[in-house]
Amino acid sequence: MDNNMIKNNLESNYKENSMVKAILVKWKWNEEHTGRRFLGLRYGGSAETQYDLNVRYPIGSNEKVTLLLHADQLANLTKEEKRDKIMSLLVGHGWKWDFKNSKDFQTEISKFVK
């Protein structure tokens, strides 16, 4: 394989796995491991990939960060549509939230999407 093929392969892999401006959910299990505690939302970093998340938050770690949406899935949406999309994915995605020990979704989403 020549250097150009390796470079093109690396660039392609980076774009496919990129978390640039993706919306990530920060959470952790409750004490009984029966539900998740919602800790907040954040945007993915410019050089961050799924591999980076797996390394930073391995299987046994207390806190986790999970991809909710890639940036291109929100590109043409209004602020209100973004809020609605995020809310629907958080509520209806099989997360098994522990609502009594989690931050309020509406408040966090409103602060996040400005």
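Me: Why is Arg42 called partly exposed?
Reply: Arg42 has a relative accessible area of 26%. Buried means under 20%, exposed over 50%, and partly exposed in between (1.4 Å probe, protein chains only), so Arg42 is partly exposed. This is a predicted model, in which local features need pLDDT of at least 70 and side-chain atom pairs count only at pLDDT 80 or more, while totals for chains, interfaces and linings use all residues. Residues are numbered from 1 along each chain as its sequence is written, and side-chain values use heavy atoms, with hydrogens and water left out.

Me: What makes Arg42 and Glu48 a salt bridge?
Reply: Their closest N and O atoms are 2.8 Å apart. A salt bridge is a side-chain nitrogen of Lys or Arg within 4 Å of a carboxyl oxygen of Asp or Glu, so the pair qualifies. Glu48 also forms a salt bridge with Arg56, at 2.7 Å, and Arg42, Glu48 and Arg56 are linked in a network.

Me: Is Glu48 buried or exposed?
Reply: Glu48 has 5% relative accessibility and therefore counts as buried, whereas Arg56, at 47%, counts as partly exposed.

Me: Why is Trp97 called buried?
Reply: Its relative accessible area is 10%, so Trp97 is buried. Trp97 is in contact (heavy atoms within 4.5 Å) with residues including Val25, Trp27 and Phe105.

Me: How do you know that the span of helix α3 agrees with expectation?
Reply: The expected span is 1.5 Å times one less than the number of residues. For the 13 residues of α3 (residues 79–91) this gives 18 Å, and the end C-alpha atoms are 18 Å apart, so the two agree. Helices are DSSP runs (H or I, at least four residues), numbered from the N terminus.

Notes. Helices (H or I, at least four residues) and strands (E, at least two) are DSSP runs, numbered from the N terminus. Lists of a residue's contacts leave out its neighbours within four places in sequence.
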